[in-house]
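Please find below a short note on selected features of this structure.

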Amino acid sequence: MKENIFRESKMENDELLLNKNVIKTNSKNIIIKNGHAIFQNKDKEFNGNSIKKLLAYVNTLKEKYANVRMPIIINLGDIVFTDKLTYIFLEIICNILIKSYGHRVTVIFKCEHNIFIEGIASSPLLLLNNSDKDNMKKYTDKFCDDLYKNHYRRVMRKSSNNVELSRRMDDISYFLKYSGVGEECIDEISEVIVELIGNAWEHAASECLVDLDVTNSYFKQENSSAFLGINIAVINFSEKLLGDGIKRKITNQDINLFERYVLVKEAYEKHKSFMNSVYQDADFFNIAAFQHKISGRNKKVSTGGTGLTKLISSLEKRSDAHKCYLITGNRALWFFHQYLEYNKEGWIGFNESNDFFSQAPSGIVTGSNSIFLPGTAYNLNFVMKRREEKWII
């Protein structure tokens, strides 16, 4: 019997994640036991390849049992998640299964925590410990909106109102201050998140999911300083990838390009000779998206800025450790502060010499992504000293 469970609100375009990853597994791997479909994870570290296997399983299940909405058990076993973005993708897949396809979902796992993934302790996945209908409703509610202790989660619905962005920045700033983050970092972190929200609304024409957690204190053995993990994931789903708009402008012979775009086009012709399995066509346009006054928007005058990379660079320099990257399509771009410096003309090379025009980016900043992401997702982890509280008696 087909069951409709809580379809009324969902993250925009999220089903593209399944539709753009049409990989399938052997149908013999679909285990049915006591009326439940069971996905049995065999990976010790749950990472991008693990998500790929789960997507293959779900697509095969959809095809083989197209008209059956049987409960699904996702048994992960004892695992460690490779980073925040990985378990957020697991949450998204579960949400799609519940809201779009009417499945009841159970997720079973034991997870070893560290400072980058402590946020799993606040994940809505913990509600999926059985397939009770009430748990499904609680899960879908918490997936879209959660503010509890050190966890901030919102699906940011599209808006063209700058006042709305300002409100979101205030919300995030108050949350960070309450969580013990140093005053010198609060504004920068809030600005990074709000810029990514604005980019999703304007460039990807899509809403986005923001998930932010601040960990409990961690202490180094060599000193008594307390450190916090500030862990951020921002994801949008869209037919538009990060570099698509710029590629369309640069390669369209019918568009009259402004001077800076002419220079980007010249750089593109030069970079073709650098491209290989590590550095690909899409990587060039992803890097071009971070150049000053370069944008993929359909406007005659571009006001593209340098804000995001400068902010990430500044935060990384303040951090004791960090792990920052984005994925879009099947490509990844890593952020390392030593490669995020702009020259006086506002160009950034993502390489040691900071040369955008005549040198390839460093071999460690570009790479492949295990799945195809329709849209753009950021994983930003920073380890910062905890703010020292000053008590007045």
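1. Helix H8 (residues 259-271) packs against helix H9 (residues 281-288) at an angle of about 150 degrees, and their axes are 11 Å apart. Axes here are lines fitted to C-alpha atoms, for helices over the stretch in contact, with angles running from 0 to 180 degrees between N-to-C directions. H8 is therefore roughly antiparallel to H9, given that angles under 35 degrees count as roughly parallel, over 145 as roughly antiparallel, 65 to 115 as roughly perpendicular and the rest as oblique. Helices (H or I, at least four residues) and strands (E, at least two) are DSSP runs, numbered from the N terminus.

2. The model is predicted: local features need pLDDT of at least 70 and side-chain atom pairs count only at pLDDT 80 or more, while totals for chains, interfaces and linings use all residues. Residues are numbered from 1 along each chain as its sequence is written, and side-chain values use heavy atoms, with hydrogens and water left out.

3. On the H8 side, Val 264, Ala 267, Tyr 268 and His 271 meet Asp 281, Phe 284, Phe 285 and Ala 288 of H9; contact means heavy atoms within 4.5 Å. The residues of this contact comprise six nonpolar, one polar and one charged. Ala, Val, Leu, Ile, Met, Phe, Trp, Tyr, Cys and Pro count as nonpolar, Asp, Glu, Lys and Arg as charged, and the others, Gly among them, as polar.

4. Helix H7 (residues 244-251) also approaches H8: their axes come within 10 Å and cross at roughly 90 degrees. H7 and H8 are therefore roughly perpendicular to each other. Lys 249, Ile 250 and Thr 251 of H7 meet Tyr 261, Val 264, Lys 265 and Tyr 268 of H8. By class, this contact has four nonpolar, one polar and two charged residues.

5. Asn 231 belongs to strand S10 (residues 226-237). Asn 231 counts as buried because its relative accessibility is 0%; buried means under 20% relative accessible area, exposed over 50%, and partly exposed in between (1.4 Å probe, protein chains only). A polar atom of the Asn 231 side chain lies 3.0 Å from the backbone oxygen of Ile 115. The backbone oxygen of Phe 116 lies 3.5 Å from a polar atom of that side chain.

6. Ile 88, in helix H3 (residues 84-99), likewise counts as buried, at 0% relative accessibility. Leaving aside neighbours within four places in sequence, Ile 88 is in contact with Arg 153, Leu 209, Asp 211, Ala 233 and Ile 235.

Conventions
Polar contact = N/O pair within 3.5 Å; in protein donor to acceptor, adjacent residues only side chain to side chain.
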